[in-house]
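I set down what I looked up, one topic at a time.

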Amino acid sequence: MVSHNANAQSDSGSRDRLATNSRLIVVSNRLPVTIKVDSSQPGGYSFALSSGGLVSALSGAKKRMSFTWIGWPGLSVPTREDELFIESKLEKEYSCRPVWLDPDVADAHYNGFSNSILWPLFHYHPGEMNFDEGNWLAYREANLRFAESVREIVRKGDMVWVQDYHLMLLPLMLRTLIEGSSAQGSVSQRELEHVRHGVDGSSHLAHSSGLAAPPGSEAAEHSAAQVASGHSHRTSTTATNLNVQSGTTAQAVAAMEEDDEDGDGKGRGTADGTTSRGSVKIGFFLHTPFPSSEIYRILPVRREILLGVLHCDLVGFHTYDYARHFLSSCTRILGLPTMPNGAEFEGRYVHVGTYPIGIEPAQFIEGLARDAVKTRMRALERRFEGVKIIVGVDRLDYIKGIPQKLHALETFLQEHPEWVGKVVLVQVAVPSRQDVEEYQNLRAIINEAVGRINGRFGTVESMPIHFIHRSVNFEELCALYAISDACLVTSTRDGMNLVSYEYIACQQQRNGVMILSEFAGAAQSLNGSLIVNPWDKFAVADAIHEALTMASVTRKANFDKLSRYVNKHTASWWGTSFVAE
Ligand SMILES: O=P(O)(O)OC[C@H]1O[C@H](O[C@H]2O[C@H](CO)[C@@H](O)[C@H](O)[C@H]2O)[C@H](O)[C@@H](O)[C@@H]1O
Ligand SMILES: O=c1ccn([C@@H]2O[C@H](COP(=O)(O)OP(=O)(O)O)[C@@H](O)[C@H]2O)c(=O)[nH]1
């Protein structure tokens, strides 16, 4: 395992090794640019750089390398002229390339498969998982569209960094498209049809009978072809093998050298546009947890998803536990030999490591210095004079444990009536994925709990919960973080949780207390927080009490530890470490 500390130690050296002439292609489901129809703008569309962890995280790498970002633009437009206008603007001003998806494919890929199957399963909610074969087909189709889009621009020596659970088949599809079925061969039209539709045009889930396919078995060898074509190993005799088989590496290297006969280091691909094996580095980073193999094996397409990712050179996770779960799934489901820092797959070693993401604290320090934020802070402090404030900021998502948070607050007020009227929870719940049924149900549950608790403990003068069901702007967010005495994160699972980092970045003055779920990835890093089990409402209520009564010297000592970590392990540190590795 590339340990967290090992990364820290090698960081400056590996940053220096980042070649300035390397090209980085980042691929994520969404582009970091929000495009809206706006008739007042030239061309009829407005463009704005989205905020968010990934955008900040890649800013460091962006300064050092030539950089292109490929992703879904978040809309479909009526004419090819509109597409061309958007493509040109994105390329010139944002170094981005859109992947145009049919609206139905985009919906079934994002809402249907990514957020109704992978998301619940990866967050230990198998009960919310709605497996549907049509959504799986759309997931494959969308991944193939992304792979084709990368193939159009990728050159020998490039690095392709694929982000998150929306694109887990992309590494396999990209390798197949750029490297062909063998070092000397090219990807035939028929093979590409298999990638797109399956051999007979149907979806063909792989119904593996047992867990592990013995290494080297027919099932293991044909697995990549099955994923791409949709064929199970039961039908593998009819599947065309799209794998670059082990043993062809020497030929591949020779082919690559021939390929660069003009010596410009760029290569020219083969006549059909394929490049040779290993000439492009592919990395994958999962922003969510990877669940225990006991949960992961529920997924009907468990083999296909693992095989998709295993075509990378480097696979990264936020925590050691997620990496370990991934490797144990590779062993149990595919029968692969694994080591703590990777897996052997088709004659190659796929490196697996931990790279905890961070934020850019300077952005928040700069935010707090703005006059508008200072004015807002003073107004909020006046409004809540004599009252302690607990802040919660979450997307309205069932993984964020908002009902658990509300029950814990209720328990605290019941056990400590002396605090009624003297503490408020300001909970920002950002609307999210509202086309998915589970998210609609959650809203009703939370509304009911807020109403009940406010009805029970509220008075004419004050309400214990201020519930804001919308997104807030950056200045309001900075002010809210800064004036709060504690931040409460009760996620039942969370890849990392950047809100906890952002809160710390805004607490220079107040040294507020971070109460953090042990099930958030951040709990592994944020030493100095009060770590809680969100399912234990009494333990969370105790932590609230401890936070509200903590001596200032203890708060300062905790804050100093937290602040050191957040300021060192920044977003750009994360991006640069991964790319350098
Ligand atoms: O794009 P959305 O569907 O609106 O969702 C927003 C993001 O949610 C997920 O975030 C994860 O990544 C964070 C950064 O690594 C991490 O701190 C958090 O714990 C994760 O939940 C999702 O993975 C992203 O792709 C979405 O953009
Ligand atoms: O109204 C808001 C409130 C918060 N955030 C941001 O949403 C991100 C949430 O990231 P986190 O890792 O905590 O969870 P995720 O939502 O990605 O699962 C943070 O950067 C917040 O600043 C936002 O965009 N709009």
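This is a predicted model: local features need pLDDT of at least 70, side-chain atom pairs count only at pLDDT 80 or more; totals for chains, interfaces and linings use all residues.

**Entry 1: ligand 1**

The side chain of D164 has an N or O atom 2.5 Å from an oxygen atom of the ligand. For the side chain of H287, the corresponding distance to an oxygen atom of ligand 1 is 2.7 Å. I also recorded R395, where an N or O atom of the side chain is 3.5 Å from an oxygen atom of ligand 1. Taken alone, ligand 1 exposes 560 Å², and the protein buries 78% of that area.

**Entry 2: ligand 2**

Which residues surround ligand 2? I listed V393, R395, K400, V430, S471, V472, L477, N497, L498, V499 and E502. By type, this shell holds 6 nonpolar, 2 polar and 3 charged residues.

I then asked which elements these residues come from. Strand 12 (388–395) and helix 20 (498–505) each give at least two residues to the shell around ligand 2. The element that gives the most is helix 20, with 3 residues.

For the polar contacts of ligand 2, I recorded both side chains and backbone. An N or O atom in the side chain of E502 is 2.5 Å from an oxygen atom of the ligand. In the case of L498, a polar backbone atom is 2.8 Å from an oxygen atom of ligand 2. The side chain of K400 places an N or O atom 2.9 Å from an oxygen atom of ligand 2. Alone, ligand 2 exposes 540 Å², of which the protein buries 72%.

**Entry 3: the second largest pocket**

How much space lies in the second largest pocket? I noted a volume of about 370 Å³. The pocket is lined by 20 residues, and M159, K281, D313, L314 and E581 are the closest to its centre. Strand 6 (159–163), strand 7 (281–285), strand 11 (348–354) and helix 23 (571–580) are the elements that give two or more residues to this lining.

Terms used. Residues are numbered from 1 along each chain as its sequence is written. Chains are lettered from A and ligands numbered from 1 in the order in which they are written. Side-chain values use heavy atoms; hydrogens and water are left out. On a 1 Å grid over the protein atoms alone, a cavity is a set of points where a 1.4 Å probe fits but cannot get out, and a pocket is an open set with protein on both sides within 12 Å along at least five of seven lines; lining residues have an atom within 4 Å of a point. Grid points are joined across faces, edges and corners, and a volume is the space filled by probe spheres set on the points. Helices (H or I, at least four residues) and strands (E, at least two) are DSSP runs, numbered from the N terminus. A polar contact is a pair of N or O atoms within 3.5 Å; within protein, one must be able to donate a hydrogen and the other to accept it, and residues adjacent in sequence count only if both atoms are side-chain atoms. Accessible areas come from the Shrake-Rupley method with a 1.4 Å probe; for residues, only the protein chains shown count as cover. A residue is near a molecule or strand if one of its heavy atoms lies within 4 Å of it. Ala, Val, Leu, Ile, Met, Phe, Trp, Tyr, Cys and Pro count as nonpolar, Asp, Glu, Lys and Arg as charged, and the others, Gly among them, as polar.
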